[in-house]
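Thank you all for coming.

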Amino acid sequence: MASIDDMIKEGFNFYDPKLNVGNVVPEPGQFYQGHIKDVVVKEVNVKGKYKAKVYNFSVELSDNKDRTYSCVEKESGQRKTISGEVFKGKTYKATGVFQFLNPKKGDDFEANSGGNDRYLHLCESVGAKNEKVLVEIDGEEREIIRFPDLDEYDLNGKPIDALLNYHTWKNREGDSIKSLMVKSFKEWEGAESRDFALEDLPF
């Protein structure tokens with residue numbers, strides 16, 4: 001059997017269906033390692049009663065070559081097991097992560113600190129330090145978790161293990177659209193951050 005390296009040296013061009021990323025879609029409900037990019041943070045009003053910072057970002061998948069996935073082939077509709085390396089470079093948006101803000105004197109919105117569980121999980125997943133603190137609330141001693149106020153510079157390029165799943169949303173015309181998005185995440189232990197801005201420089 002001919003070696004592909006020898007054939008390439010001879011100017012041989014070819015098609016390898018195994019590496020056709022467009023022919024397979026990542027399996028929903030599974031984790032894929034990648035890096036956070038294109039972070040946008042903005043303050044929003046929520047339901048007319050709360051105020052929050054919402055974190056929108058994408059995750060660019062790494063090679064995931066040490067993982068295998070069971071995926072459906074677009075053309076044949078058949079299920080096959082493939083290496084995660086075929087998804088390298090594919091980018092998926094995450095559903096927004098909300099950090100609910102506490103009102104200060106003069107503010108007219110309500111607190112919703114109990115709704116910060118997903119933001120807390122994001123902090124933990126990127127290695128940001130959270131601190132347990134004992135406080136008194138309405139005469140009761142209670143343990144709360146103080147987390148950092150992250151910005152886009154704290155998140156861009158951070159490694160993360162992202163859970164992809166389908167998310168249904170409505171477009172401007174009111175039609176329901178189903179997209180594969182980052183729905184959750186966990187820490188990617190031992191991985192290094194990337195500097196996307198430096199990688200984009202033309203030298």
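Let me start with a term that I shall need in a moment: a pocket, worked out on a 1 Å grid over the protein atoms alone, is an open set of points with protein on both sides within 12 Å along at least five of seven lines. Please also keep in mind throughout that this is a predicted model.

With that term in hand, we can look at the largest pocket, which holds about 540 Å³ of space. It is lined by 19 residues, and those closest to its centre are Asn102, Ser113, Asn116, Ile145 and Phe147. If you ask which elements build the lining, strands E6, E7 and E8 and helix H2 each supply at least two residues, and E8 gives the most, with five residues.

Now let us move to the largest nonpolar core, which has 29 residues, and in which Phe57 and Phe87 have the most contacts inside the core. Six elements each supply at least two residues of this core, namely strand E1 (30-46), strand E2 (50-61), strand E3 (68-72), helix H2 (117-125), strand E9 (159-170) and strand E10 (176-186). The largest share, four residues, comes from E2. As general background, nonpolar side chains tend to be buried together in soluble globular proteins.

What does Phe57 touch, once residues up to four places away in sequence are not counted? Phe57 touches Ile36, Lys37, Asp38, Val39, Lys93, Ala94, Val97, Leu122 and Phe185. Ser58, also found in strand E2, counts as buried because its relative accessibility is 8%, and buried means under 20%. Leaving aside neighbours within four places in sequence, Ser58 is in contact with His35, Ile36, Lys37, Asp38, Thr91, Tyr92, Lys93 and Ala94.

Which of its residues are buried? In H2, the buried residues are Tyr119, Leu120, Leu122, Cys123 and Ser125, and what covers them includes E2, strand E6 (97-100), strand E8 (140-146), helix H3 (152-155), E9 and E10. Just after this helix, Gly127 takes a positive phi of about 80°.

In general, a disulfide is a covalent bond between the sulfur atoms of two cysteines. How many disulfides does a search of the whole structure find? The search finds zero.

Next, please look at the loop between E2 and E3, where Ser62 is found. Is Ser62 buried or exposed? Ser62 is buried, because its relative accessible area of 12% falls under the 20% limit. The side chain of Ser62 is joined to that of His35 by a polar contact of 3.5 Å. Apart from neighbours within four places in sequence, Ser62 is in contact with Gln33, Gly34, His35, Gly84, Phe87, Lys88 and Trp188.

Leaving aside neighbours within four places in sequence, Phe196 is in contact with His35, Ile36, Lys37, Glu60 and Gly157. Phe196 and Ile36 are 160 residues apart in sequence and 9.6 Å apart in space, C-alpha to C-alpha.

Most residues other than glycine have a negative phi. Lys47, in the loop between E1 and E2, has a positive phi near 55°, and Asp138, in the loop between strand E7 (131-137) and E8, has a positive phi near 50°. Both residues are exposed, with a relative accessible area of 76% for Lys47 and 80% for Asp138. Glu189, placed in the loop between E10 and H4, counts as exposed at 66% relative accessibility, because exposed means over 50%. Glu189 and Ser125 are 64 residues apart in sequence, and their C-alpha atoms are 9.1 Å apart in space.

How values were computed:
Residues numbered from 1 in each chain as written. Predicted model: local features only at pLDDT ≥ 70, side-chain atom pairs only at ≥ 80, totals over all residues. Heavy atoms only, no water. Core = buried A, V, L, I, M, F, W, Y, C linked by side-chain atoms within 4.5 Å. Buried < 20%, exposed > 50% of the residue type's maximum accessible area, 1.4 Å probe, protein only. Contact = heavy atoms within 4.5 Å. Disulfide = S-S within 2.5 Å. Polar contact = N/O pair within 3.5 Å; in protein donor to acceptor, adjacent residues only side chain to side chain. 1 Å grid on protein atoms, 1.4 Å probe; cavity = no way out; pocket = protein on both sides within 12 Å on 5 of 7 lines; lining within 4 Å. Points joined across faces, edges and corners; volume = space filled by probe spheres on them.
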